[in-house]
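Here is a short tour of one protein chain, from its overall build down to a handful of single residues. Keep the structure open beside the text and follow along.

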Amino acid sequence: MTDGTQPGASLADTAGRLGRDAVVIGGGLAGITAALALADAGVRVTLLEGRPRLGGLAFSFQRDGLTVDNGQHVYLRCCTAYRWFLDRIEGAALAPLQDRLDVPVLDVARPEGRRLGRLRRDALPVPLHLGRSLATYPHLSLAERARVGRAALALKGLDLADPNLDTQDFGSWLTAHGQSARAVEALWDLVGVATLNAVAGECSLGLAAMVFKTGLLSDPGAADIGWARVPLGDLHDRLARKALDSAGVRTEIRTRVTSISTDDNGTWSVQVPGETLRADAVVLAVPQREAHDLLPAGALDAPERLLEIGTAPILNVHVVYDRKVLGRPFFAALGSPVQWVFDRTEASGLHQGQYLALSQSAAQDEIDEPVAALRERYLPELERLLPRARGAEVKDFFVTRERTATFAPTPGVGRLRPGARTKASGLYLAGAWTATGWPATMESAVRSGVSAADAVLGALGRPRPRHLFEFEEAA
């Protein structure tokens with residue numbers, strides 16, 4: 001293995017030297033963040049990842065000369081931790097934010113020429129920043145728009161610290177606050193399904209309230225959308241690896257951990273095929289089921305709760321046309337199985353034609369359908385939404401499936417999500433599924449990595465790096 005190591009150095013040499021050493025298990029955003037934060041504080045860090053790349057479920061791969069993201073990932077201006085992460089790996093310029101929130105919404109049920117509505121903000125204080133957009137949103141009636149405004153004010157008044165919110169579902173709350181099925185489809189689920197990976201009726205009110213209060217009702221620019229203009233692998237693998245190398249982190253890919261344990265002196269042993277690493281602290285930054293299988297006895301009071309955290313799938317449909325059929329960078333759809341569509345032509349390296357990626361969240365009913373069935377469903381839908389697609393040749397059609405893309409944000413999930421600290425001294429947890437207060441987003445993953453690193457540094461008596469919590473001040 002040659003990932004930034006000295007010739008002849010073994011894993012045990014790196015992670016077993018005198019001093020303060022940490023092993024981070026998992027090379028997704030949570031693990032990368034924890035490793036960078038610890039290394040910045042002077043801790044010697046070894047990062048272990050079983051896959052042949054970093055980035056977790058936000059990655060890229062090659063297909064017929066194109067660089068393809070496994071799925072479309074976006075973030076918002078209020079995602080201050082992920083923005084910190086982009087700055088830390090020197091990738092912010094490659095994933096810029098909109099100057100101002102602007103979401104084109106096409107309703108296929110309306111006549112052509114009258115299908116386009118927009119959700120955008122003005123340079124006014126909350127909640128006036130969305131007032132004009134809501135007042136002119138053509139996909140809701142005047143009465144529905146008025147009721148949406150009243151529900152938004154009621155949502156703004158909820159206390160996110162109230163644990164009772166986690167026991168209720170968002171859909172019932174919306175119904176109780178006068179929201180019609182059309183309003184849920186055209187507004188609440190339009191945003192909520194994409195950010196929560198669940199429809200309102202299957203989502204915790206606590207998590208939904210957090211998303212809408214933070215994203216739409218906290219700061220005028222909070223919901224401005226950002227996304228990578230390059231393949232995700234350029235950010236979460238290439239630039240992340242460069243940052244880890246520069247920080248002195250020993251990074252090992254294709255290295256799967258088989259067990260972890262501690263001795264009477266509090267030193268941790270991390271077993272990988274053929275070697276044992278020793279460290280003062282271990283951060284488990286892996287999915288909840290994998291974490292459950294690696295946890296030593298007594299690390300959590302009720303480890304079986306990790307297995308009760310459900311998962312939710314995301315399906316991504318990829319279509320390459322022989323010509324340009326979409327004139328905007330993205331749009332959302334109503335009255336169609338299509339949810340969100342992004343133009344990935346330039347980012348993929350395609351030089352002729354256009355490549356569209358459809359992001360289909362909460363895809364439980366479609367995640368295992370054959371490609372042929374999905375092709376029969378989605379190509380006609382794209383022709384209904386995009387007139388220019390009707391005469392275009394489809395050069396390629398394929399799908400990517402993430403069956404366990406996120407944890408399921410169901411009512412009651414909050415009590416199942418553990419914090420960064422365990423009952424085992426020196427063992428910490430990270431991952432978007434831990435108790436960050438956020439749904440399963442890149443933001444949640446980065447926040448969890450920061451929380452785990454902070455806990456490690458406190459236990460090791462190391463000061464925080466000055467820049468590490470800058471995002472909290474910006475929040």
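Two residues are in contact when heavy atoms lie within 4.5 Å of each other. With that in mind, please note that the model is predicted.

Let us begin with F330, which lies in strand β15, a stretch covering residues 330-334. Is F330 buried or exposed? The cut-off for buried is under 20% relative accessible area, and F330 counts as buried because its relative accessibility is 2%.

Which residues does F330 touch, once neighbours within four places in sequence are left aside? The partners are Q98, D102, V103, P104, I225, W227, W340, V341 and F342.

## The overall build

Stepping back, the secondary structure of the protein comes to 15 helices and 19 strands. The radius of gyration is 23 Å, close to the 23 Å that the globule rule gives for 475 residues, so the protein is as compact as a globular protein of that length. The C-alpha trace spans about 70 × 50 × 40 Å along its principal axes.

How much of the chain is buried? Of the 475 residues, 55% count as buried. Among contacts with a separation of 6 or more, 70% are made by residues 24 or more positions apart.

## Surface and charge

The accessible surface comes to about 19700 Å², and carbon and sulfur atoms account for 50% of that area. As for charge, the protein carries 53 positive and 55 negative side chains. The centres of these two sets lie 5 Å apart.

## The annotated domain

The UniProt record, an unreviewed entry, places the feature "domain: Amine oxidase" at residues 29-457. Over residues 29-457, the model is 32% helix and 22% strand.

## Backbone features worth a look

Most residues other than glycine have a negative phi, and most peptide bonds are trans. Where does the chain contain a cis peptide bond? One joins V126 and P127, with omega at about 0°. P127 is found in the loop between β7 (116-120) and α4 (131-135).

Two residues with positive phi also deserve a visit. E90 is not a glycine, yet its phi is positive, near 60°. E90 lies in the loop between α3 (80-88) and β6 (102-107), and E90 counts as exposed because its relative accessible area is 65%. R254 is not a glycine either, and its phi is about 55°. The place of R254 is the loop between β9 (250-252) and β10 (259-262); with a relative accessible area of 60%, R254 is exposed too.

## Two partly exposed loop residues

L124 sits in the loop between β7 and α4. Its relative accessible area of 40% makes L124 partly exposed. Not counting residues up to four places away in sequence, L124 touches H129 and P220. The C-alpha atoms of L124 and G221 are separated by 9.7 Å, although the two residues are 97 residues apart along the chain.

G201 belongs to the loop between α7 (181-196) and α8 (205-216). With neighbours within four places in sequence set aside, its contacts are D169 and G171. G201 and Q168 are 33 residues apart in sequence, with 9.5 Å between their C-alpha atoms.

The last stop is V193, which lies in helix α7. V193 is buried because its relative accessible area is 9%, which falls under the 20% cut-off.

Which partners does V193 have beyond its neighbours within four places in sequence? V193 is in contact with A198, V199, Q339, S361 and A362. A22, by comparison, is 171 residues away from V193 in sequence, and the C-alpha atoms of V193 and A22 are 37 Å apart in space.

Conventions
Residues numbered from 1 in each chain as written. Predicted model: local features only at pLDDT ≥ 70, side-chain atom pairs only at ≥ 80, totals over all residues. Heavy atoms only, no water. Helix = DSSP H or I, 4+ residues; strand = E, 2+ residues; numbered from the N terminus. Buried < 20%, exposed > 50% of the residue type's maximum accessible area, 1.4 Å probe, protein only. Rg over C-alpha atoms; globule rule 2.2 N^0.38 Å. Areas by Shrake-Rupley, 256 points an atom, 1.4 Å probe, with all protein chains shown as cover. Lys, Arg positive; Asp, Glu negative; His and termini not counted. Charge placed at Lys NZ, Arg CZ, Asp CG, Glu CD. UniProt positions renumbered as here; feature names shortened; annotations may be inferred.
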